Amino acid sequence: MNKVGIVSYGANIPRYRIKSADIAIAWRKDPDSIASGLNIMEKSVPSLDQDVATISVESARAALARCNIDPQEIGAIYVGSESHPYAVKPTGTIVAEAIGATPNLMVADYEFACKAGTAAIQTCMGLVLSKMIKYGLAIGADTSQAAPGDALEYAASAGGAGFIIGKKNFIASINDTCSFTTDTPDFWRREGRKYPSHGGRFTGEPAYFKHITNCAKNLMNRLKTKPDDYDYAIFHQPNGKFPIAVAKMLGFSYEQIKQGLLCPIIGNTYSGASMLGLASVLDVAKPGDRIFVTSYGSGAGSDSFDITVTDQIKEMHREKAPSVAKMIENKEYIDYATYAKFRDLLYWE
Amino acid sequence: MKVREVAVIGFGVTKFGELWDKSFRQLIAEAGAKAIFDAGISGKEIDALYVGSMSAGRFIGQEHVGALVADCAGFSQMHIPAVRVESACASGGLAIRQGFMSVASGMSDIVVVGGVEKMTDVVGNEATNTLATASDQEWEAFFGATFPGLYAMIATRHMHEYGTTREQLAQVAVKNHANGALNPNAHFQREISVENVLNATMVSYPLSILDCSPVSDGAAAVILCAADKAKKYTDKPVKIIGSGQASDTLALHGRKEICTLEATVHAAKMAYKQANIQPKDIDLAEVHDCFTIAEILAIEDLGFVKKGEGGKAIDKKITTLNGEIPINTSGGLKAKGHPVGATGVAQVAEIVAQLQGEAGKRQVKDAKIGLTHNIGGSGASCLIHILEAM
Amino acid sequence: MVDSAVPRFWREIPQRYNLLGNQCGVCNKIYFPPMESCPICRRKSMNKMKDFKLSGKGEVVTYTITHVAPEHFEGQAPYPIAIIQLDEGPRITAQIVDCDINDVKIGMKVQSTFRKIQEDGWLGAIYYGYKFKPVK
């Protein structure tokens, strides 16, 4: 593939946290077995004034703060989420206005369950490589909803990250990408309904594992690489167990996925999940590091990326925006009553 | 500029409170009738009508208030000019000034000036939203600043700059309730204590619900007449010797100083100059205590005490009924009530009563010169009148 | 049906999203929100006002903790509202977020952040804008 890469990146994670134990206690379940069963200790919760628009804007602004590009040169913005504030009226235009990129650009919102953000990256790559645009901004963000008492309640959290894609001066080159897509209804939410439904155990092997393993193998076969060739790997993280299992299946070690594994401490940020994992790795990556990313979105599909960090990362002012680790540490706990109040006020009909 | 002198020859005030049985129309008709009888004039002698009403449109869905008031006062067949003015919470004071200017200029010989607000026909939330239209809707209210919140911010700053305490703020409410208990028309006629205020539900720190004036219904009216004709109607006319008005930025954040309402300072200067007196010549005043902190600011900005010393003045009890300069003998907005458009006119009615020796249990001895101070919003407008017994 | 006037709030997006004020071309004083003319220079400044984007950095001049919330802010109370002196000169009224309400102090240094301000019920538009969070 011709040269294209990540010019800058930024992330945003809301401050509030709720512990899985506190959710379990509210539902009279055993706190320890829930937390260890899912490998999720706590998750991020958006405050009443945060949503996918605010998370996307903060991520985009963080990305711009770390580089020198003129926002007017951003030719496209795609925001992927399953919790856009409006069903009709794009989040992308709010981001465009808030970073001063309007009016000469393309914008659309994406949806593909948890992989809408990585789909946006692929689109930006195409637009950049075809020279239709100079820079593209791909954002994946969510303030995921989960029905009270449902298993998803422990994982559905809030957060997001944005990546500016360009042809020159990138801090990480995206060497190749591929996708694996089938029509597999493992998890969905009907139009007009508040909370998603899922197929229970069906979401495992025929869904998450099948798509990630196939996509990952396809990319590695094409590039003739092995897991050992990579310094870091990021897999979609709906809970703290699946990514560890799929890494093992593919031959990646826990050491390789550790830096990008955020679900145990912030939950599943859905469209933000693989994106935040990648942002977390870029926060510490050094020139020459090779990164393997495979996202997963229910419905179903996976996007894989082979990325190499360049020398340019040394010039980047990473400190101009908070790192993922810093945002994870900046937290305030809330109890289940407050969490329920927030959810009711956010989603009350 | 050559102007005639203007006198108040009669006044009328309704009870203030939650008056479920009385409509907007009934209230203003009642106040107007009382004033006309008090002045002993015939309706035919009225040249014009001025009425202050902040937001009849939002409270009772009714505009065209000038015509409405003339109509329900029974003046429809006289076809007199009827003017409704608005300056948020200073609408009443503004109506007084407009009536004053009409007589002073020679355009009218006798005018009736009324103020009225019917705030309880809407649910509490809607009343609060409507009061908030006195603040900057785009740059204050939109972002979550409430009207009590704006005054609370003045209080926080005053406490920071001058060491004013919550106890001193509370004493303003305590004093005004003590006065209100002596006023048969007051919304609240019971005394409260400093503890009551400090422990009451917090509205916007540091102001509790007892630091805030209530939502009330009510109306007031006065009859203005050319001073040289006043004695024909009453043997106790009261002259308006000074009138002042000023404006300032709508938003509190636009002011030069958070703790000084320059609109008060400038309106006062205008009024004192016209009356040719100093602040120390004032015997008593009705000031705009929409919130307790507002009274503290008022006595400073009117020049009764130095800037920052308002809290100390309360401690020293200078402003009680028996103090050096009694403030809000009526009970103020806090205890008398605050039917927004009526307040400015009711303040004038109270001073007139005092100067005529007709303030009953609230009477201040030897009251010769009184001042009324009416503020709009967080200080964006101010109307001041100075009155003297003739 | 929706209550609020969407155009009224849409018009102010450059101010609420990006703190776009203006500067007097005569005396250089900076205003937020932008003024049609400078109150100091008045007529001389007409047509000479230039766009100016504020940095969002400032400090708290005064504040209150609002316990009784107005319409559209239910559920957020108690919340701090402050008047903030922006570094470039103008003062602004906004909520303080991301801090314990007991930690809000006069003199606290703050930075603007992008948040949802209010929405016009469940059917109406959502309005975004500035709030301020403490900086270390």
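What follows is a short tour by question and reply.

Guide: Start with the ground rules. This is a predicted model, where local features need pLDDT of at least 70, side-chain atom pairs count only at pLDDT 80 or more, and totals for chains, interfaces and linings use all residues. Residues are numbered from 1 along each chain as its sequence is written, while chains are lettered from A and ligands numbered from 1 in the order in which they are written.

Visitor: Which chains share the most contacts?

Guide: Two residues are in contact if their C-beta atoms, placed from the backbone, lie within 7 Å. Two pairs of chains are in contact here, and chains B and C share the most contacts. Chain C brings 24 residues and chain B brings 26. Chains A and B have no contact. Their closest C-alpha atoms lie 12 Å apart.

Visitor: Which element gives the largest share of the side of chain C that touches chain B?

Guide: Elements first. Helices (H or I, at least four residues) and strands (E, at least two) are DSSP runs, numbered from the N terminus. On that side of chain C, β4, β5 and β6 (91-95) each supply at least two residues. The largest share is six residues, from β4(C).

Visitor: How do I sort those residues by class?

Guide: Ala, Val, Leu, Ile, Met, Phe, Trp, Tyr, Cys and Pro count as nonpolar; Asp, Glu, Lys and Arg count as charged; the others, Gly among them, count as polar. The side of chain C that touches chain B then has 14 nonpolar, seven polar and three charged residues.

Visitor: In which sense do β5 of chain B and β4(C) pair?

Guide: Two strands pair if DSSP finds at least two bridges between them. Strand β5 (residues 202-205) of chain B pairs with β4(C) over two bridges, in the antiparallel sense. Look for S204(B): its bridge partner in β4(C) is T66(C).

Visitor: How many residues of chain C are in contact with chain A?

Guide: 13 residues of chain C are in contact with 16 residues of chain A. On the chain C side, α2 (13-18), β7 (109-119) and β8 (126-134) give two or more residues each. By class, that side has six nonpolar, three polar and four charged residues.

Visitor: Where are the domains of chain A?

Guide: Domain bounds come from an automatic or database domain assignment. For chain A it gives domain 1 (5-171 + 316-347) and domain 2 (176-312). Their C-alpha centres lie 16 Å apart. 48 residues of domain 1 are in contact with 40 residues of domain 2. On the domain 1 side, α5(A) gives the most, with six residues. The residues of that side divide into 27 nonpolar, 15 polar and six charged.

Visitor: And what are the domains of chain C?

Guide: The assignment for chain C gives domain 1 (1-12 + 55-136) and domain 2 (20-53). The C-alpha centres of these two domains lie 24 Å apart. Five residues of domain 1 are in contact with five residues of domain 2.

Visitor: Why is β12 of chain A called largely enclosed?

Guide: A residue is buried if 20 or more other C-beta atoms lie within 10 Å of its own, exposed if 12 or fewer, and partly exposed in between; C-beta atoms are placed from the backbone. Strand β12 (residues 290-294) of chain A has five residues and four are buried, so the rest of the structure largely encloses it.

Visitor: Which strands pair with β12(A)?

Guide: Strand β11 (residues 232-235) of chain A pairs with β12(A) in the parallel sense, over four bridges. There, A233(A) stands opposite F292(A). Five bridges join β12(A) to β13(A), and these two run antiparallel. One bridge sets R290(A) against T308(A) in β13(A). A hairpin through four residues joins β12(A) to β13(A).

Visitor: Where can I find cis peptide bonds?

Guide: Check omega. From G299(A) to A300(A) the peptide bond is cis, with omega near 5 degrees. A300(A) lies in strand β13 (residues 299-309) of chain A. Another cis bond joins A77(C) and P78(C), with omega about -5 degrees. P78(C) lies in the loop between β4 (57-66) and β5 (79-86) of chain C.

Visitor: What is the phi of R28(A), and is the residue buried or exposed?

Guide: R28(A) is not a glycine, yet its phi is positive, about 55 degrees. R28(A) lies in the loop between α1 (20-26) and α2 (31-38) of chain A. R28(A) counts as exposed because it has 6 C-beta neighbours inside 10 Å. H64(B) also has a positive phi, near 60 degrees. H64(B) sits in the loop between α2 (56-60) and α3 (65-72) of chain B. With 12 C-beta neighbours inside 10 Å, H64(B) counts as exposed.
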